[in-house]
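Hello,

Here is the structure we talked about passing on to you.

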Amino acid sequence: MCQPERIVWIDGSQQERERLEREAFATGELIQLDQEKLPGCVYHRTAVNDVARTENLTYICTNRRDDAGPTNNWMSPEDGYRRAGEIFAGSMKGRTMYVIPFSMGPVGSPFSKIGVELTDSIYVVRNMCIVTRVGPKVLECLGTDGEFTKCLHGKAERDLNRRLILHFPEDNAIWSVGSGYGGNVLLGKKCLALRIASYLGRQEGWMAEHMLILGIESPAGRTEYVAAAFPSACGKTNLAMMVPPEGLRVKGYRIWTVGDDIAWMRVDEEGRLRAINPESGYFGVAPGTNSESNPNMLKTIEKNTIYTNVLLSKDNTVWWEGGEGPPPDEGYDWQGRPWKPGMKDENGKPVLGANPNSRFTTPVTQCPSCSPLVDDPRGVPISAIIFGGRRAQLAPLVFESYDWRHGVFVGATMASERTAAQYGKHGEVRRDPMAMLPFCGYHLGDYFQHWFDMGERMAHPPKIFHVNWFRADEDGKFLWPGFGENLRVIEWILDRCRGEAEAVETPIGYVPASDSLDLTGLDVPRESLDKLFVVERADWLEEADRIDAFFQQFGDRFPAALREELEGLRRRLKTPFRLLAPGNEVRPLAAELNEVIRRENPHLYEMLSDLGKRLFFPKGIVAQGAEAREKATRYNATLGIAREGGEPMSLPSVMRFFNELNPADVLPYAPATGRTDLRKKWREDLLRKNPGLEGKSFSNPIVTCGLTHALSIVGDLFVERGDVVLLPDKFWENYELIFGVRRRAQLALYPLFNAKGGFNVEGIRAALDARPEGSKTIVILNFPNNPTGYSITSAEMNEIVATLREAADDGRNLIVVADDAYFGLFYGEGLATESIFARLAGCHPRLLAVKADAATKEDFVWGFRSGMLTFAAQAATSDEALYQALEKKTAGAIRSVVSNCSHPAQSILAKALSSESINAERQEKNEIIEARAKKVQQIIASPKFADVWEPYPFNSGYFMCVKLNGIDAETYRKHLLDKHGVGVIANGDRDIRIAFSGVDEDKLEDLFDILAAAAGELR
């Protein structure tokens, strides 16, 4: 068909190389460069119309069009062979056909594949001898009947109208005609190593990916490997060969380059993903390569390198834009025309010396950072997979996917600005899944499913991340300082793989916490760092629409899991919760205290633990209450202590036992989990107050040092750094200290009230829907709510329970904490008068129900600090064994902090709970507080207060809350205290909490008149 004049078998020897280069020098196909400055290096120019991959002329030839998929150009095999054959016919008359047996991957490795390329180009031969393994060993390995990929290339006339790059996956064959550009003609590279190999990988159960492979050796000698996918010109080669930045060099990291472009990956016998670089050389982009962006590559290409379409200087050296040093005074541009710096075309635009897609081809082993395992037939284990792109605004510097399934979605939705290496309009945003859009040799929907299938086969799948080095500010200036600093991000990625780095959950994944990137020696303004990690919900919702449009083209051959992930992203983006500052951040109040300590004794400051530096005393309920005790001479409506006639309320059944205790009730240590008789009585009380618990399994209540301590134990047992704690935006301040500061959890707030003034069930449902499958969420339900005094209705309880069950059914793990601090104080019709704990107990294997309550409020013994902690969960075989294990862990948490709780307080409570009159006494006090609550509801309904505040709904508890109209809450609180001697709690910018439980009913009207008058004085 091709009718070559002669046929030459290539053996890859040095003698052969010298002979072929002499021939190419004579014809001008290659130009020899200065052998002293660039030993072994040559220069080549392609045709002007042949400088990049021509994707519009690249076809997948399968028997069925649908097997190629909508993102590939399709041609039937019959048409492909016919049309290419017509161009090939006679195209090698007078030319030599070279036969190149080559191996992609180490010869003989189970990862590797063999091909044979026929070509009429010495340039192709020389490149293939660099980027593949060529030689007699390949033929020995192939044998006489081995399978190989049949590759045919011919330059023909290099006419764009007579150019075809054809792949026949069902025949394991590749034909390329009419081009001389490497991406179209080095058939072992993109054509075999990606398009054909991706098809073979799906058939045989492995993966062929457009990914670099990089090893990072720690000072301890541990080397971990990542694979990363980027479209062209997004820094892939620079990352593969990065040098540790000066600020991290002291740590002793060493970088090992396994590959810069392609990874073949298989699951090993232990269920880990391992990878090889099937290539033996680099085919890299020259512009932008310099000693700052990639010093290792500059050293690699100093010898034995083929330079293509760069500027050729008069002294037979080379130069390119963004390269090393100033341009030569004169030379020949990539088209062979005389060139000088500053030249402009007829439109006034600069004339470039090098083509934007100019290239170099160089051996892997010349790289100073070349991994000693580059030829290891077993490959290297992959800890993380990184996807990336070039996005000026949307994507943060780095984020981690929730899991493998979400990671596949992240890869499937990659997008990047189109580069000069791709056919099309430069700068256009191009969606490029896994950087494989031009290289997947079959239907992309099947390719995505193959990723899911491979994930199922892995016992230890790599974590998946996304990076974007190119985020810019409003002026278009890059926020990240450059490729040379990227190890800082890779360090965080590997730390995350080991569970050692902090992160903040966002709707798109986990981003680094503010201090979790090591920025030593790097001067990046805080404002720029913040911008690097911003996730703009509105922008991402628009992106979700674009993703949806992209997905539509795949029809039925598209994994449902990807559509579900897209809907999950939309739900998370639309969820109306806000995230508080991560728990690892030092709050302003803590920073103030740290500064005092540092100023007074810097040595002592250095001695503080990390937690010690983050701890602070809130300027909330406790601090404001302490100030009110000194200044609130008229009314103190701050702390949650019910008062009567100026004194704390009390039950006779409690007070009468103070003088009746014997030494055995007072002096010995109490058990770590509390007195047995007290726990028994409290359990009986739980059943009496919560009839829904009858017949259900739940643990014996465990005595704690107050309800705050009970919640802290929940944190110790179930909350890890970075876990999401979901609670309404009206919440008790200690939650932030307990879960955020101490446990470093991420607090996520949803609005407590809906538009109708009821509990925002939709808010909690949307928040839970936003959580990924398999995630863990700690849900805090505080009824009656502190600070507002709102309790849910029976109907709302039904909806909440159904919502939590649905979330558990969808694969989410839930720890649901019922904070029942003010249980029993209900003042409205239709309210749920039992704890939601009773409804949740044992309702789902993925849901742990926790009841945190206390005698402090229910029995009016605030100073006793006697709390209770009760668990309910499903057990596979033995409820008793499960609860005993939880009880012992709880006992350990108590023993490690306070040893045990107050014995005298427990003794009095145990005796009081046995009193026949205690329930009547409780009811009497509750009726007093209820009368006050109804009086407040009557008072605030008066039109005279309409312009002063907007009351929040309340129907229970000790408090009520108002939102001030146009007045700062803290300013109001201080004015009210200093001028009127009245104490209230300021909560946020506008909210005021009023503890009506501490004011006698006949004084309440006067109290609210004073509150209104003080507001009037500030308006």
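Let me start with I493. Leaving aside neighbours within four places in sequence, I493 touches A384, I386, V398, F465 and V467. Please keep in mind as you read that this is a predicted model.

I493 also belongs to the largest nonpolar core, which has 137 residues. Together with W264, F387 and W451, I493 is among the residues with the most contacts inside that core. Helix α7, residues 188–204, supplies the largest share of this core, with eight residues. There is also a second, separate core of 136 residues, and L707, F739, F753 and L781 are included in it.

Next, a residue on a helix. K681 sits in helix α23, which covers residues 676–689. Beyond its neighbours within four places in sequence, K681 is in contact with A910, L913 and S914. For K681 and A910, the separation is 229 residues in sequence, yet the C-alpha to C-alpha distance is 7.0 Å.

Finally, a sheet. Four strands form an open sheet in the order β43-β44-β47-β46, and the pairing is antiparallel. Its edge strands, each pairing on one side only, are β43 (949–951) and β46 (985–987). From one strand to the next, the twist averages 30°. β46 and β47 (residues 991–994) run antiparallel and are joined by three bridges. In one of these strands, β47, R993 is the bridge partner of I985.

Best wishes

Notes:
Residues numbered from 1 in each chain as written. Predicted model: local features only at pLDDT ≥ 70, side-chain atom pairs only at ≥ 80, totals over all residues. Heavy atoms only, no water. Pairing = 2+ DSSP bridges. Helix = DSSP H or I, 4+ residues; strand = E, 2+ residues; numbered from the N terminus. Axes fitted to C-alpha atoms, helices over the stretch in contact; angles between N-to-C directions. Contact = heavy atoms within 4.5 Å. Core = buried A, V, L, I, M, F, W, Y, C linked by side-chain atoms within 4.5 Å. Buried < 20%, exposed > 50% of the residue type's maximum accessible area, 1.4 Å probe, protein only.
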